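The following paragraphs guide the reader through one protein model. Please keep the sequence and the coordinates at hand while reading.

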Amino acid sequence: MKKMLTLGLVGVLSASIFMGGGSASAQTAEEQMTEDYTINWNSVWSNLPNFGDDVDFGTAASTGSGIGSLAKGSTAVSLSGSTVSSTGKTTGRVLSTVTSATTSLRDVARAVTANGGKRMAVGTFTATSKASLGNSTGKSPFSGVTVHTATDSGKLYSSNTGNTKAY
C-alpha cells in the first residue's frame, strides 16, 4: 500500500512538472509568433480613417468570453515642448497572453514619418511603444497609428488604433 501511494505521488508530481513545461513551451511559441509578426505600414497608414483611438480585440478562449476580451489597445498623440509623440499601448486581459504594441507618427504637412520600436508584454502587463518628431512648422496635423497584437491558444490577433491632432 505504501509503495502504491509513493508511486501515485511520483506520477502526479511528474505530470505537474510535465504540464508546467508544456505551458512554458506554449508561452515561448506565442512570444515567437508575436516577435515574428510583420507590419505592412502602407496598408496601416492607408486605413487610418477607419481606426478609433482605442480598441478591445481578440477572443480569449481560456476565459470563455466573447470578442474583445483578450486585450485593449490605444494610441495617443501629444505635444511636449517642441516634440510631438505618438504613444501606443496594448494591455493584456488574460494571464496567458503575449501582447505587443508598435506605433508610428506622421507629420502630415512635411510627409515625415517616425516608427517606434515593437514592445512586448506578458499577461496583464502593458506593452508601450513611442515615436517622436520635432514640431518645426507651427500648427500642423500629426497622425499616430499603433499596431496591436495579442496571442491566445496558439492564435495571433491584431488590431489597429489611430489618432490625429494639430500642434
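In what kind of interaction do the side chains of D54 and K72 meet? They meet in a salt bridge, with an N to O distance of 4.0 Å; the term denotes a side-chain nitrogen of Lys or Arg within 4 Å of a carboxyl oxygen of Asp or Glu. The model is predicted, so local features need pLDDT of at least 70 and side-chain atom pairs count only at pLDDT 80 or more, whereas totals for chains, interfaces and linings use all residues. Residues are numbered from 1 along each chain as its sequence is written, and side-chain values use heavy atoms, with hydrogens and water left out.

Confidence is expressed as pLDDT, the predictor's confidence in each residue on a scale from 0 to 100. The protein averages a pLDDT of 84, and 80% of the residues score at least 70. Over residues 1-23, pLDDT stays under 50, and for this stretch the model has zero contacts beyond four places in sequence. A contact here means heavy atoms within 4.5 Å.

The charged side chains come next. Side chains of opposite charge can pair when their charged atoms come close. Four salt bridges are counted by the rule given above. The pair D54 and K72 links distant parts of the chain, since D54 belongs to strand 1 (residues 54-59) and K72 to strand 2 (residues 67-80), 18 residues apart. Helices (H or I, at least four residues) and strands (E, at least two) are DSSP runs, numbered from the N terminus. K72 also forms a salt bridge with D56, at 3.8 Å from N to O. D56 lies in strand 1 and K72 in strand 2, so this pair ties together parts that are 16 residues apart in sequence. D56 in turn meets R93 in a salt bridge of 2.8 Å, N to O. Because R93 lies in the loop between strand 3 (83-92) and strand 4 (98-107) while D56 lies in strand 1, the pair ties together parts that are 37 residues apart in sequence.

D54 is partly exposed at 44%, and K72 is partly exposed at 34%. D56, at 39%, counts as partly exposed, as does R93 at 40%.

Attention now turns to buried positions. V44 is located in helix 2 (residues 41-46) and, at 8% relative accessibility, counts as buried. Beyond its neighbours within four places in sequence, V44 is in contact with I39, F51, V145 and V147. The C-alpha atoms of V44 and S159 are 10.0 Å apart in space, although the two residues are 115 residues apart in sequence. V147, a contact of V44, lies in strand 8 (residues 141-152) and is buried at 3%. When residues up to four places away in sequence are not counted, V147 touches Y37, I39, W41, V44, S100, A101, T102, S159 and N160. Between V147 and W41, 106 residues apart along the chain, the C-alpha separation is 9.2 Å.

Among the residues in contact with S129, leaving aside neighbours within four places in sequence, are S86, T87, A101, T103 and G117.

Most residues other than glycine have a negative phi. A111, in the loop between strand 4 and strand 5 (112-115), has a positive phi near 55° and is exposed at 63%. S153, placed in the loop between strand 8 and strand 9 (155-166), likewise has a positive phi, near 50°, and is exposed with a relative accessible area of 56%.

Notes
Buried < 20%, exposed > 50% of the residue type's maximum accessible area, 1.4 Å probe, protein only.
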